[in-house]
Amino acid sequence: MSAECFDTENSLIQLTMILKMQKLKRGPLPSLSYENLEDFLNQSLWRNGAPSSLHEAVDQVLSIEASDIVRFLSRRAIVDGSKADLKDFTDVIGGD
């Protein structure tokens, strides 16, 4: 019998993610997308591996705070911005 993986590809975790996303969208993060939450889980919370049990994964998803996601998205925007070329920002800073 193979061990079940409790990551963002698991349907039970996806359901939990949708419930958490809807709660955050009703409150402090009305523009939060499913992809934002999935990226946070894969690239931050579970970057060293997903939990080995369903109850641990669900607990971690439901324990996410809005500030955790905002901090993650802010950091990612800074990193992405530092890799971009200056001409990519002409619409923001003006220019030819």
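**Figure 1. Overall view of the chain.** Along its sequence the chain follows the pattern α-α-α-α-α, with five helices and zero strands. Helices (H or I, at least four residues) and strands (E, at least two) are DSSP runs, numbered from the N terminus. The model is predicted: local features need pLDDT of at least 70, side-chain atom pairs count only at pLDDT 80 or more, and totals for chains, interfaces and linings use all residues. Residues are numbered from 1 along each chain as its sequence is written, and side-chain values use heavy atoms, with hydrogens and water left out. Of the 96 residues of the chain, 27% count as buried; buried means under 20% relative accessible area, exposed over 50%, and partly exposed in between (1.4 Å probe, protein chains only). The chain exposes about 6,600 Å², of which carbon and sulfur atoms supply 53%; accessible areas come from the Shrake-Rupley method with a 1.4 Å probe, and for residues only the protein chains shown count as cover. Among contacts in the chain with a separation of 6 or more, 63% are between residues 24 or more positions apart, a contact being heavy atoms within 4.5 Å.

**Figure 2. Helix H2 and its cover.** The twelve residues of H2 should span 16 Å at 1.5 Å a residue, and the end C-alpha atoms are 15 Å apart, which agrees. The expected span of a helix is 1.5 Å times one less than its number of residues. Asn 36, Leu 37, Glu 38, Phe 40, Leu 41 and Ser 44 are the buried residues of H2. The cover over these buried residues includes H1, helix H3 (54-62) and H4.

**Figure 3. Surroundings of Leu 37.** Leu 37 lies in helix H2 and, at 0% relative accessibility, counts as buried. Not counting residues up to four places away in sequence, Leu 37 touches Met 17, Met 21, Leu 32, Ile 64 and Ile 69. For one of these residues, Met 21, the C-alpha atom is separated from that of Leu 37 by 7.2 Å, the two residues being 16 residues apart along the chain.

**Figure 4. The aromatic pair Phe 40 and Phe 72.** Rings of Phe, Tyr and Trp (its six-membered ring) pair if their centres lie within 6.5 Å; planes under 30 degrees apart count as stacked, over 60 as edge-to-face and the rest as tilted. By this rule the count is one aromatic pair. The ring centres of Phe 40 and Phe 72 are 5.7 Å apart and the planes stand at 75°, so the pair is edge-to-face. Distant parts of the chain are linked by this pair, with Phe 40 in helix H2 (residues 34-45) and Phe 72 in helix H4 (residues 66-83), 32 residues apart. Phe 40 and Phe 72 are both buried.

Figure 5. Two salt bridges are present in the structure, each defined as a side-chain nitrogen of Lys or Arg within 4 Å of a carboxyl oxygen of Asp or Glu. In one of them, Asp 39 is paired with Arg 76, and the closest N and O atoms are 2.7 Å apart. This pair links distant parts of the chain, Asp 39 in helix H2 and Arg 76 in helix H4, 37 residues apart. Arg 76 counts as partly exposed at 25% relative accessibility. A salt bridge also joins the side chains of Asp 68 and Arg 71 (3.1 Å, N to O). Because Asp 68 and Arg 71 are three residues apart in helix H4, about one helical turn separates them. Asp 68 is partly exposed at 24% relative accessibility, and Arg 71 is partly exposed with a relative accessible area of 46%.

**Figure 6. Thr 16 in helix H1.** Thr 16 is found in helix H1 (residues 11-26) and is buried, with a relative accessible area of 8%. The side chain of Thr 16 reaches the backbone oxygen of Leu 12 at 2.9 Å; a polar contact is a pair of N or O atoms within 3.5 Å, where within protein one must be able to donate a hydrogen and the other to accept it, and residues adjacent in sequence count only if both atoms are side-chain atoms. Apart from neighbours within four places in sequence, Thr 16 is in contact with Val 58, Val 61 and Leu 62.
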